[in-house]
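Morning, everyone. Here is the model I want to walk through today. Please have it open as I talk.

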Amino acid sequence: MIDKIKGHIADVESFNAKTKDEIEAFRIKYLGKKGILNEYFAEFRNVPNEEKKAFGQAINELKTAAQDKVTALKEELENSQEEKGVYGDLSRPGEPVEIGSRHPISIVKNQITEIFSNIGFNVSEGPEMEDDWHNFTALNLPEYHPARDMQDTFFIQTDPDILLRTHTSSVQVRYMEENKPPIRTISPGRVFRNEAISARSHCIFHQVEGLYIDKDVSFADMKQTILYFTKQLFGKSKIRLRPSYFPFTEPSAEVDVYWGLETETDYRITKGTGWLEIMGCGMVDPNVLRNCNIDPQEYSGFAFGMGIERIAMLLYQIEDIRMFYENDIRFLEQFKSAL
Ligand code: DAH
């Protein structure tokens with residue numbers, strides 16, 4: 001009988017299993033209620049007294065061997081599955097997946113492009129590093145115009161001048177140089193100005209430029225286009241155009257949207273007037289058209305430009321422009337539900 005048990009021990013020690021089921025079948029065979037070990041334990045009382053000690057030791061040895069085997073095989077199986085990384089314990093709780101959010105500047109930029117693409121505007125882009133021609137000269141900025149002052153512009157190189165574009169109007173010029181009218185395009189992008197950083201202004205920000213060139217385009221067309229836009233973006237249907245000056249448009253205007261005076265915040269952000277300035281615009285100056293090889297006798301058009309940060313600050317009531325660039329997760333997280 002003891003030899004038989006020794007045979008079992010040898011079997012147990014050489015046993016190997018690859019699956020959970022095989023291990024479980026092995027466990028039941030040896031350690032289960034009706035398993036081999038229990039049979040031997042039941043047999044114990046029939047064993048003659050003088051053999052009891054050796055018999056007892058042998059079955060205990062078998063029991064320990066079987067238990068150790070089961071533990072070792074289970075561990076081995078778990079480790080190999082973990083290495084594969086897929087089929088661990090399927091009942092284990094899942095790893096939490098962090099879902100990111102779009103940056104508020106991207107959200108607002110997407111909203112603006114969406115609104116204009118619905119009325120036939122495409123999206124165009126230009127380089128952030130520009131030459132003097134596209135950022136200034138072609139846009140009718142005379143050589144000694146204050147906007148060329150070193151304080152406003154980051155120069156990369158002089159003679160020839162290479163700079164970080166100070167506005168997305170440079171993309172207008174590139175687009176007109178490469179495309180024939182009719183033109184309907186908006187150009188979102190990052191711009192740079194050598195300005196002190198504060199809650200209200202930053203040396204890096206974003207703009208969206210718009211350009212519409214065709215035969216017989218009028219100031220009224222421009223006003224309707226901008227009105228459509230402000231209705232869509234802000235849900236506000238009253239705008240006013242104040243005469244202004246930009247070198248690249250004539251006449252030029254500043255667009256205010258009527259925000260209202262319903263809340264205390266409205267009072268504060270509109271300085272008690274109810275009006276908020278949101279963009280600059282105007283009829284493209286004939287000089288600019290000529291600079292881009294478009295005949296001003298045949299074509300006319302309008303252009304506009306707005307700051308994305310400013311609009312995002314209004315839409316989300318953000319008080320400090322620096323928030324956009326700090327990438328504080330507590331700030332960014334708040335835009336999870338947005339587009
Ligand atoms: N480029 C102007 C700026 O940076 C914004 C602007 C005003 C763009 C009038 C235009 C425009 O196209 O017509 O402040």
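**A walk through the model**

Let's begin at Gln317. Gln317 is partly exposed, because its relative accessible area is 36%. On terms: buried is under 20% relative accessible area, exposed is over 50%, and partly exposed is in between, with a 1.4 Å probe and protein chains only. Gln317 sits in the loop between H11 and helix H12 (323–326). Helices (H or I, at least four residues) and strands (E, at least two) are DSSP runs, numbered from the N terminus. The phi of Gln317 is positive, near 55°, and this residue is not a glycine.

Two ground rules. This is a predicted model, where local features need pLDDT of at least 70, side-chain atom pairs count only at pLDDT 80 or more, and totals for chains, interfaces and linings use all residues. Residues are numbered from 1 along each chain as its sequence is written, and side-chain values use heavy atoms, with hydrogens and water left out.

Now the overall layout. The chain is divided into domain 1 (2–87) and domain 2 (104–335). Those bounds come from an automatic or database domain assignment. Between the two centres, taken over C-alpha atoms, there are 79 Å.

Next, the cores. A nonpolar core is a set of buried Ala, Val, Leu, Ile, Met, Phe, Trp, Tyr and Cys residues joined through side-chain atoms within 4.5 Å. Which residues touch the most other members of the largest core? They are Ile112, Phe116, Phe229, Met279, Phe304, Met306 and Phe324, out of 41 residues in that core. Elements giving two or more residues to this core include helix H5 (104–117), strand E6 (204–214), helix H8 (219–234), strand E8 (249–258), strand E9 (275–284), strand E10 (300–307) and helix H11 (308–316). Apart from this core lies another, of 20 residues, among them Ile9, Tyr40, Ile59 and Leu73.

Take Phe324. Contact means heavy atoms within 4.5 Å. Leaving aside neighbours within four places in sequence, Phe324 contacts His103, Pro104, Ile105, Glu309, Ala312, Met313, Ile318 and Phe331.

On to H8. This helix has 16 residues and spans 22 Å from its first C-alpha to its last, close to the 22 Å expected at 1.5 Å a residue. The expected span is 1.5 Å times one less than the number of residues. Its buried residues are Met222, Thr225, Ile226, Leu227, Phe229, Thr230, Leu233 and Phe234. They pack against H5, strand E7 (239–246), E8, E9, E10 and H11. Just after H8, Gly235 has a positive phi of about 70°. In the loop between E6 and H8 is Asp216. Asp216 is not a glycine, yet its phi is positive, about 55°. Asp216 counts as exposed because its relative accessible area is 72%.

Now the ligand. For Ala303, a polar backbone atom is 3.1 Å from an oxygen atom of the ligand. A backbone N or O atom of Phe304 lies 3.4 Å from a ligand oxygen.

Is Ser169 buried or exposed? Ser169 is buried, because its relative accessibility is 3%. Ser169 belongs to helix H7 (residues 169–178). Its side chain makes a polar contact with the side chain of Glu209, at 3.0 Å. A polar contact is a pair of N or O atoms within 3.5 Å; within protein, one must be able to donate a hydrogen and the other to accept it, and residues adjacent in sequence count only if both atoms are side-chain atoms. Leaving out residues up to four places away in sequence, Ser169 touches Leu139, Glu209 and Phe248.

Over to E8, where Ser252 lies. Ser252 counts as buried because its relative accessibility is 6%. The Ser252 side chain reaches the backbone nitrogen of Phe246 at 3.2 Å. Pro251 is also placed in E8. Glu250 and Pro251 are joined by a cis peptide bond, with omega about -5°.

Last item, another cis bond. Asp159 and Pro160 are joined by a cis peptide bond, with omega about 0°. Pro160 is in the loop between strand E3 (155–157) and strand E4 (162–164).
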